[in-house]
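The exercises below are to be worked with the sequence and the coordinates at hand. Each has a task sentence and a solution in steps.

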Amino acid sequence: MKKRSIYPDQSQELLQLFEEAGNSKRVLCVPIDYAKRDHVVMFCDGNGELLRKPFTVRNSPVGVTYLTDHVTRWCGHHRIETNHVFF
């Protein structure tokens, strides 16, 4: 039987990001559950393991600043390059 990927339409940009990082632990995934007022966000590594419990972010310019500040600080503390983050 011919092997086929269960992910036939993988994002080439994400594949490149993981390749550049060299290690999935050096990738930060920021899943966001979008809502009208407050979004729920968490941080995971490239393997999908939870790194930070879910937290809320306001749907406003202040919320965007809050989230980007948290991502930047997290990357600094864990030695993850900011170009190895995806949302």
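**Exercise 1. Give the order of the elements along the chain, and state how far the model can be trusted.**

Step 1. From the N terminus on, the elements run α-β-β-β-β-α-β. That makes 2 helices and 5 strands.

Step 2. The model is predicted, with a chain average pLDDT of 89 and 90% of the residues scoring at least 70. Among the elements, helix α1 (residues 12–21) has the lowest mean pLDDT, 89, while helix α2 (residues 61–78) has the highest, 95. Where pLDDT is low, the predicted coordinates should not be read in detail.

Step 3. Of the 87 residues, 28% count as buried. The chain exposes about 6800 Å², and carbon and sulfur atoms supply 53% of that area. Among contacts with a separation of 6 or more, 33% are between residues 24 or more positions apart.

**Exercise 2. Work out which strands pair with β3, and in which sense.**

Step 1. Begin with β4 (residues 50–58): 6 bridges join this strand to β3, and the two run antiparallel. Cys 44 has Leu 50 in β4 as its bridge partner, and Asp 38 stands opposite Arg 58 in β4.

Step 2. Inspect the turn of this hairpin. There are 4 residues between β3 and β4, and Gly 48 takes a positive phi near 90° in the hairpin.

Step 3. Turn to β2 (residues 32–33), which pairs with β3 in the antiparallel sense over 2 bridges. Ile 32 has Val 41 in β3 as its bridge partner. β2 and β3 also form a hairpin, with 4 residues between them.

**Exercise 3. Find the aromatic pairs and classify two of them.**

Step 1. A search of the whole structure finds 4 aromatic pairs.

Step 2. In one of them, the ring centres of Phe 18 and Phe 86 are 6.2 Å apart and the planes stand at 55°, so the pair is tilted. Phe 18 in helix α1 and Phe 86 in strand β5 are 68 residues apart, and the pair links distant parts of the chain. With 27% relative accessibility, Phe 18 counts as partly exposed.

Step 3. In another, the ring centres of Phe 55 and Tyr 66 are 6.3 Å apart and the planes stand at 75°, so this pair is edge-to-face. Phe 55 lies in strand β4 and Tyr 66 in helix α2, 11 residues apart. Phe 55 counts as buried at 9% relative accessibility, whereas Tyr 66 counts as partly exposed at 37%.

Step 4. Follow the links between rings: Phe 43, Phe 55, Tyr 66 and Trp 74 are joined by ring pairs into a cluster.

**Exercise 4. Compare two loop residues, Ser 24 and Arg 79.**

Step 1. Ser 24 lies in the loop between α1 and β1 (28–29); Arg 79 is found in the loop between α2 and β5 (85–86).

Step 2. Ser 24 has a relative accessibility of 19% and counts as buried. Arg 79, at 71%, counts as exposed.

Step 3. Which residue does the side chain of Ser 24 contact through its polar side chain? The partner is Asn 47, with a polar contact between the two side chains at 2.8 Å. Residues touched by Ser 24 beyond four places in sequence are Phe 18, Asp 45, Gly 46 and Asn 47.

Step 4. For Arg 79, check the backbone: phi is positive, about 55°, although the residue is not a glycine.

How values were computed. Residues are numbered from 1 along each chain as its sequence is written. This is a predicted model: local features need pLDDT of at least 70, side-chain atom pairs count only at pLDDT 80 or more; totals for chains, interfaces and linings use all residues. Side-chain values use heavy atoms; hydrogens and water are left out. pLDDT is the predictor's confidence in each residue, from 0 to 100. Buried means under 20% relative accessible area, exposed over 50%, partly exposed in between (1.4 Å probe, protein chains only). Contact means heavy atoms within 4.5 Å. Accessible areas come from the Shrake-Rupley method with a 1.4 Å probe; for residues, only the protein chains shown count as cover. Two strands pair if DSSP finds at least two bridges between them. Rings of Phe, Tyr and Trp (its six-membered ring) pair if their centres lie within 6.5 Å; planes under 30 degrees apart count as stacked, over 60 as edge-to-face and the rest as tilted. A polar contact is a pair of N or O atoms within 3.5 Å; within protein, one must be able to donate a hydrogen and the other to accept it, and residues adjacent in sequence count only if both atoms are side-chain atoms.
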